[in-house]
Amino acid sequence: MFERLFDHFPRGITVCPICGKNDDRKCFLIAIDGTTDEEGKICEAQPTHRECLDLSKLQYNREHGLIYMRCLKSSISKKEDAHD
Ligand SMILES: [Zn+2]
């Protein structure tokens, strides 16, 4: 299902944007809006726990043509605090 699935969460770099933790569990990479290079081939990606993605919480925005899931905004600001 996930092309970019990894057995371990990267240590000390970032936290999962959904749960706000960096527990060592399976994770996948989500492309980050606005980070794609000019050729559209390379972009920054956010490691996210596979278990934290809850398909029942996905929402569809007709106006913008987006399928998304809200995550804790506070978990993003914890990025600098993640040490293990
Ligand atoms: Zn998580």
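## Report on a predicted single-chain model

The chain has a mean pLDDT of 85, and 82% of its residues reach 70 or more; pLDDT is the predictor's confidence in each residue, from 0 to 100. Because this is a predicted model, local features need a pLDDT of at least 70 and side-chain atom pairs count only at pLDDT 80 or more, while totals for chains, interfaces and linings use all residues. Residues are numbered from 1 along each chain as its sequence is written.

The highest mean, 96, belongs to strand 4 (residues 59-61), and the lowest, 56, to helix 1 (residues 73-77). Over residues 77-84 the pLDDT is below 50, and this stretch has 11 contacts in the model beyond near neighbours in sequence. Two residues are in contact if their C-beta atoms, placed from the backbone, lie within 7 Å.

**Overall architecture**

The chain contains 1 helix and 5 strands, arranged along the sequence in the pattern β-β-β-β-β-α. Helices (H or I, at least four residues) and strands (E, at least two) are DSSP runs, numbered from the N terminus. Of the contacts with a separation of 6 or more, 49% are between residues 24 or more positions apart. Buried residues make up 10% of the 84 residues in the chain. A residue is buried if 20 or more other C-beta atoms lie within 10 Å of its own, exposed if 12 or fewer, and partly exposed in between, with C-beta atoms placed from the backbone.

An open sheet is formed by 3 strands in the order 1-2-3, with antiparallel pairing. Its edge strands are strand 1 (5-6) and strand 3 (45-49), each of which pairs on one side only. Two strands pair if DSSP finds at least two bridges between them. Strand 1 and strand 2 run antiparallel and are joined by 2 bridges; here phenylalanine 6 has cysteine 27, in strand 2, as its bridge partner. Strand 2 (residues 27-31) also pairs with strand 3 in the antiparallel sense, over 5 bridges. Within that pairing, leucine 29 stands opposite proline 47 of strand 3.

**Buried positions**

| Residue | Location | Other C-beta atoms within 10 Å |
|---|---|---|
| Asparagine 22 | Loop between strand 1 and strand 2 | 23 atoms |
| Threonine 48 | Strand 3 | 22 atoms |
| Phenylalanine 9 | Loop between strand 1 and strand 2 | 21 atoms |

Asparagine 22 counts as buried because 23 other C-beta atoms lie within 10 Å. Its C-alpha is 7.7 Å from that of glycine 12, a residue 10 positions away in sequence.

Phenylalanine 9 lies in the loop between strand 1 and strand 2. Although 16 residues separate phenylalanine 9 and arginine 25 in sequence, the two are 5.7 Å apart in space, C-alpha to C-alpha. Not counting residues up to four places away in sequence, phenylalanine 9 touches Asn22, Asp23, Asp24, Arg25, Cys27, Pro47 and His49.

Threonine 48, in strand 3, is 29 residues from cysteine 19 in sequence and 8.9 Å from cysteine 19 in space, C-alpha to C-alpha. Leaving aside neighbours within four places in sequence, threonine 48 is in contact with Cys16, Pro17, Ile18, Cys27, Phe28, Ile30 and Leu53.
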